[in-house]
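Work through the exercises below with the sequence and the structure at hand. Each task is followed by a solution in steps.

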Amino acid sequence: MYSAAAEEGCHIFGTGCGFEAPSTGLFFPAPWVDFGLPGTSGITKYLLLLAVALLVAAAFWFFTTRRSKVVPGRGQSLAELLVFFIRDQITRTTMGKEGDKFLPLMVTLFLFIFSMNVMGLIPGLQLPVNSNLAFPAVFALTIFILWNGVGIRRHGFGGHVKARLVPSGVPWWILPVVVPIEALSNFVVRPATHAIRLFATMFAGHLLLAVFAAAGWYMFNPTSPMGPLFGAISVGYSGLALVGFLVFTVFELFIMAVQAYVFVLLASIYIGEAMEGAH
């Protein structure tokens, strides 16, 4: 976002050039190391942020649980609060007590996705990892494979496929229409929307913050050639943009947590359906 603002050399009440909003080029950083392999992007800022997010998630567990006690301290209480929240609000509501065996996966997934999202608010980094579709797609593909694995293990290959393609209670004569729709919905649309929902939210939120940052910089012109009055007005405009930026930053932090929650909730629902069988 800083770079988005710094690239703009024009200011309001200046030489007459207009405001240029940040482009989607923000989400395609130039590779630091390019291997020249087709379909790869080399080592980019995303890879660095992914490593930082991984360290943040690992450090959270290390520092909150390294001295676990029967009577927990503040750090351990925070970790337990997160675990109990995921268990009581997600896994048990969607899978019952059977969902407890997936609890470590869901807690880890939530914390890792949230850490990747928060990279968009770290000064100097400011790029949510999940604004690159490749990363949510890997998460969604992993859940899709797990969903099929759980269903096949519980009901067999034929039983799992039948449960996903043939809704119970549907008359046989309408199956030629229903089966293709169910196949498209369960095996194509479901994993696609699981990934796109997270990607699109992070992409749009970061772009909105970049617009506020760039607009604030554009409107900051205290030495306006049009005089001190216009210079003071530009500072006022810039201050309003700064307030908007800070407000939306807090809101974006909330959205980042919500999107991590929604992704894990959907993953838990899908796995719960696979365990249940027919729908």
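Axes are lines fitted to C-alpha atoms, for helices over the stretch in contact, and angles run from 0 to 180 degrees between N-to-C directions. The model is predicted.

**Exercise 1. Confidence**

Task: State what pLDDT the chain averages, and find where confidence is lowest and where it is highest.

Solution: 
- Step 1. The average pLDDT of the chain is 89, and 96% of the residues score at least 70.
- Step 2. Helix H1 (residues 2–6) has the lowest confidence, with a mean of 47, while H4 has the highest, at 96.
- Step 3. The pLDDT stays below 50 over residues 2–7, a stretch that has 9 contacts in the model beyond near neighbours in sequence.
- Step 4. Where pLDDT is low, predicted coordinates should not be read in detail.

**Exercise 2. Helices H2 and H4**

Task: Describe how H2 and H4 pack, and classify the residues in their contact.

Solution: 
- Step 1. Helix H2 spans residues 45–65 and helix H4 spans residues 103–118; their axes are 8 Å apart and the packing angle is about 130 degrees.
- Step 2. Angles of 65 to 115 degrees count as roughly perpendicular and those over 145 as roughly antiparallel. H2 and H4 are therefore oblique to each other.
- Step 3. The crossing of H2 past H4 is right-handed.
- Step 4. H2 contributes Leu50, Ala53, Leu54, Val56, Ala57, Phe60 and Trp61 to the contact, and H4 contributes Val107, Leu111, Phe112, Ser115 and Met116.
- Step 5. Sorted by class, this contact of H2 with H4 holds 11 nonpolar residues, 1 polar residue and no charged ones.

**Exercise 3. Helices H2 and H3**

Solution: 
- Step 1. H2 passes H3 in a crossing that is left-handed.
- Step 2. On the H2 side the contact involves Phe60, Trp61, Thr64 and Thr65; on the H3 side, Gly75, Gln76, Leu78, Ala79, Leu82 and Val83.
- Step 3. The classes in the contact of H2 with H3 are 6 nonpolar, 4 polar and no charged residues.

**Exercise 4. Helices H3 and H4**

Task: Determine how H3 and H4 are oriented and which residues meet.

Solution: 
- Step 1. The angle between H3 and H4 is about 110 degrees, and their axes are 10 Å apart.
- Step 2. H3 and H4 are therefore roughly perpendicular to each other.
- Step 3. H3 passes H4 in a right-handed crossing.
- Step 4. From H3, Leu82, Val83, Ile86, Arg87 and Thr91 meet Leu103, Met106, Val107, Phe110 and Leu111 from H4.
- Step 5. The contact of H3 with H4 has 8 nonpolar residues, 1 polar and 1 charged.

**Exercise 5. Annotated spans**

Task: Compare the UniProt annotation "transmembrane region" with the model.

Solution: 
- Step 1. In the unreviewed UniProt entry, this annotation covers residues 46–64, 102–121, 133–150, 195–220, 227–247 and 253–272.
- Step 2. Residues 102–121 are 80% helix and 0% strand, with end C-alpha atoms 30 Å apart.
- Step 3. Residues 253–272 are 100% helix and 0% strand, with end C-alpha atoms 29 Å apart.

**Exercise 6. Threonine 249**

Task: Locate threonine 249 and list its contacts.

Solution: 
- Step 1. Threonine 249 sits in helix H7 (residues 228–276).
- Step 2. Apart from neighbours within four places in sequence, threonine 249 contacts Leu121 and Leu209.
- Step 3. Glycine 216 is 33 residues from threonine 249 along the chain, and their C-alpha atoms are 14 Å apart.

Note on methods
Residues numbered from 1 in each chain as written. Predicted model: local features only at pLDDT ≥ 70, side-chain atom pairs only at ≥ 80, totals over all residues. Heavy atoms only, no water. Helix = DSSP H or I, 4+ residues; strand = E, 2+ residues; numbered from the N terminus. Parallel < 35°, antiparallel > 145°, perpendicular 65-115°, else oblique. Left-handed = near helix turned anticlockwise from the far one by under 90°. Contact = heavy atoms within 4.5 Å. Nonpolar A, V, L, I, M, F, W, Y, C, P; charged D, E, K, R; others polar. UniProt positions renumbered as here; feature names shortened; annotations may be inferred. pLDDT = per-residue confidence, 0-100.
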